[in-house]
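Work through the exercises below with the structure open. Each task is followed by a solution in steps.

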Amino acid sequence: MSIETIKAAIRAIPDYPKKGILFRDITTLLQDPDVFSEVIDIMAERYKDNLPTKIIGIESRGFIFGMVLAYKLGIGFVPVRKKGKLPYDTYEASYELEYGTATVEIHKDSLTSDDRVVIVDDLLATGGTAVAAISLVEKFDAQVVSVDFVIELISLKGRDRLKGYSVNTVVDYD
């Protein structure tokens, strides 16, 4: 299957969530089992010779890809959620949004210093959420093996904020 086939399975919605934004909607990709399987296979192939110990998925679409990737690799999954959504003791990290800040959390017993993790989300835009997730992993002295995304929006330069980390994407758009 080609990258163009995967791109064709991602719907583009103009002016969502506000005028001037072209939203990349993965729900159409998720509805096609062949394309969804191919995306997971591409992501899993990267780790066949260097298996991480955990996958971290960023709320909420990172859960979709992260959980399936963790299952495929036979390793554990750890959710990073919006503040107030996890029921046990947490570490938290805040990041900048267009109008303010947001905070994500991870359970304090999710990782150990021996863990080698891959952080997964559906989309790399500005990189703020990924940077926050990295800072959470570093609170455990765990190693970030890679930060993986299905889609990268190149023009928003999120990759620049992730310098020093391995960044992988399946498809990108200018």
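**Exercise 1: Two cis peptide bonds**

Task: In which loop is Ser 60 found, and which residue does a cis peptide bond join to Ser 60?

Solution. Ser 60 is found in the loop between E3 and H4; helices (H or I, at least four residues) and strands (E, at least two) are DSSP runs, numbered from the N terminus. Next, look at the bond: Glu 59 and Ser 60 are joined by a cis peptide bond with omega about -5 degrees. The peptide bond from Tyr 16 to Pro 17 is also cis, with omega near 5 degrees. Pro 17 lies in the loop between strand E1 (11-14) and strand E2 (22-25).

The model is predicted: local features need pLDDT of at least 70, side-chain atom pairs count only at pLDDT 80 or more, and totals for chains, interfaces and linings use all residues. Residues are numbered from 1 along each chain as its sequence is written, and side-chain values use heavy atoms, with hydrogens and water left out.

**Exercise 2: Positive phi**

Task: Is Asp 141 buried or exposed?

Solution. Start with the place: Asp 141 is in the loop between helix H5 (128-138) and E8. Its phi is positive, about 60 degrees, although Asp 141 is not a glycine. With 62% relative accessibility, Asp 141 counts as exposed (buried is under 20% relative accessible area, exposed over 50%, partly exposed in between; 1.4 Å probe, protein chains only).

**Exercise 3: Helix H4**

Task: Which residues of H4 are buried?

Solution. H4 covers residues 61-73. Its buried residues are Gly 62, Phe 63, Phe 65, Gly 66, Leu 69, Ala 70 and Leu 73. After H4 comes Gly 74, with a positive phi near 75 degrees.

Notes:
Expected span 1.5 Å × (residues − 1).
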